[in-house]
Amino acid sequence: MANGSSPDAAHRAHILENPLRTYLLGIIISICGNVLISISLNIQKYAHVRQSQRGSKPYYTSGTWWCGVALMGFGELGNFAAYGFAPASLIAPLGCVSVIASAVLSVVFLKETMRASDIVGGTLAITGTYVLVNFAPHTTIHITAHLVQYYVMNWHFLLYLLLEMLLFCFLLYLYKMRNVKHIVIVMLLVALLASLTVISVKAVSGMITESITGQLQLIYPIFYVMGVIMIVSCAFQIKFLNQAMKMFDATEVVPINFVFFTTSAIVAGIVFYEEFEELALLNIFMFLLGCLLSFLGVFLIARNRPKIKLQNPNCISMDKIPRRSHTDRVQPEAQTYGSLAAKLMCNRAGQSDDA
């Protein structure tokens, strides 16, 4: 890149000779990773429900829960590897596969009810996924250290990074200093960090892939710079996402996070990796239509999902309390005080469990 060659020639020099096979490999790895993530989430949720019903040991002592955590790690590793084979603007929207699979598996594992909105949402999400996979950019390039350095110094990315930093500081000022706790502000903070995460993850994953195939990229400082950016941005992204989950309901956080994350990943892929370069206008329109269908499908699946109520083992169910017969001679005052005492004991037991 430093030998004075033109940017277009430098970019085309890294295009793979047979991109279709690598492109499909990235799609398959991403889908498998998202399915593993959905399985892991349902296994962890099942472990929480079972441990709460038994009221015995904490959930982290359950082997089932740790099995779910291990599957989560493999799923995230698959998503990480997929960025090295396919465009970031394609891998990010495939996250809807995890939402669809979770809705199906929750019916099988957790005995949740399959709603009409789940069927309609799943159909829309699958249709959108099919459309965006077919019309997404199919050009796959070698991610080398020299190419990443060239992209970092591109004025398009520098301008994008400046605008993103200004917007992030403004939103952080509203969130921290002005105490504006709106879900859009928190999720925009997550999305802005996610764009840097996607850029760095694809760079690190691509350079590792190139190193495995024979061209060692780990000797260049840009690899470790991108690794630090990946870790730091991912850590703060998780921090703000956890805060959003504490302040707002999951039925609001999940669809908004998916829409914002996917949008930021697509924009990052367009600006940094120039993934929409030479893409036909029809392909761009159909790709955006596929994303819109996926967004709508995820919203319908996550909207008003039924919650599993965990029964406190220290409380007695109302149907198990014997009713007073006609021969019982219980004073009304004693019955009232007894009911009040039972409620207080139940509440105190619940508070001790929460502590």
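The model is predicted, with local features requiring a pLDDT of at least 70, side-chain atom pairs counting only at pLDDT 80 or more, and totals for chains, interfaces and linings using all residues. Residues are numbered from 1 along each chain as its sequence is written, and side-chain values use heavy atoms, with hydrogens and water left out.

The protein contains 13 helices and 0 strands, where helices (H or I, at least four residues) and strands (E, at least two) are DSSP runs numbered from the N terminus. Read from the N terminus on, the elements follow the order α-α-α-α-α-α-α-α-α-α-α-α-α. Of the 355 residues in the protein, 42% are buried, a term that stands for under 20% relative accessible area, with exposed meaning over 50% and partly exposed the range in between (1.4 Å probe, protein chains only). The accessible surface of the protein amounts to about 20,100 Å², and carbon and sulfur atoms account for 68% of that surface; such areas come from the Shrake-Rupley method with a 1.4 Å probe, and for residues only the protein chains shown count as cover. When contacts (heavy atoms within 4.5 Å) between residues at least 6 apart in sequence are considered, 83% of them join residues at least 24 apart.

The crossing of helix 9 and helix 10 is left-handed, a word used if the near helix is turned anticlockwise from the far one by less than a right angle, with right-handed used if it is turned clockwise. The contact of helix 9 with helix 10 has 23 nonpolar, 5 polar and no charged residues, where Ala, Val, Leu, Ile, Met, Phe, Trp, Tyr, Cys and Pro count as nonpolar, Asp, Glu, Lys and Arg as charged, and the others, Gly among them, as polar.

Helix 12 (281-302) takes part in the other two pairs. Helix 6 (residues 116-135) packs with helix 12 at an angle of about 160°, their axes lying 7 Å apart, so that helix 6 is roughly antiparallel to helix 12. The crossing of helix 6 and helix 12 is left-handed, and the residues of this contact divide into 13 nonpolar, 10 polar and 1 charged. The axes of helix 5 (residues 96-109) and helix 12, by contrast, come within 10 Å and cross at roughly 30°, which makes helix 5 roughly parallel to helix 12. Helix 5 also passes helix 12 in a left-handed crossing, and the contact is made by C96, V99, I100 and A103 of helix 5 together with S294, V298 and I301 of helix 12. The residues of this contact of helix 5 with helix 12 comprise 6 nonpolar, 1 polar and no charged.

S200 belongs to helix 9 and is buried, with a relative accessible area of 0%; not counting residues up to four places away in sequence, S200 touches M226, I229, M230 and S233. A145, in helix 7 (residues 145-152), is likewise buried at a relative accessible area of 0%. With residues up to four places away in sequence again not counted, A145 touches M207, Q217, Y220 and I222. A145 and Q217 are 72 residues apart in sequence, yet their C-alpha atoms are 6.1 Å apart in space. L20, which is found in helix 2 (residues 19-54), is partly exposed at 48% relative accessibility, and L20 and A86, 66 residues apart in sequence, are separated by 9.5 Å from C-alpha to C-alpha.

Two loop residues concern the backbone. Most residues other than glycine have a negative phi. E278 lies in the loop between helix 11 (250-271) and helix 12 and is exposed, with a relative accessible area of 64%.

How values were computed: Axes fitted to C-alpha atoms, helices over the stretch in contact; angles between N-to-C directions. Parallel < 35°, antiparallel > 145°, perpendicular 65-115°, else oblique.
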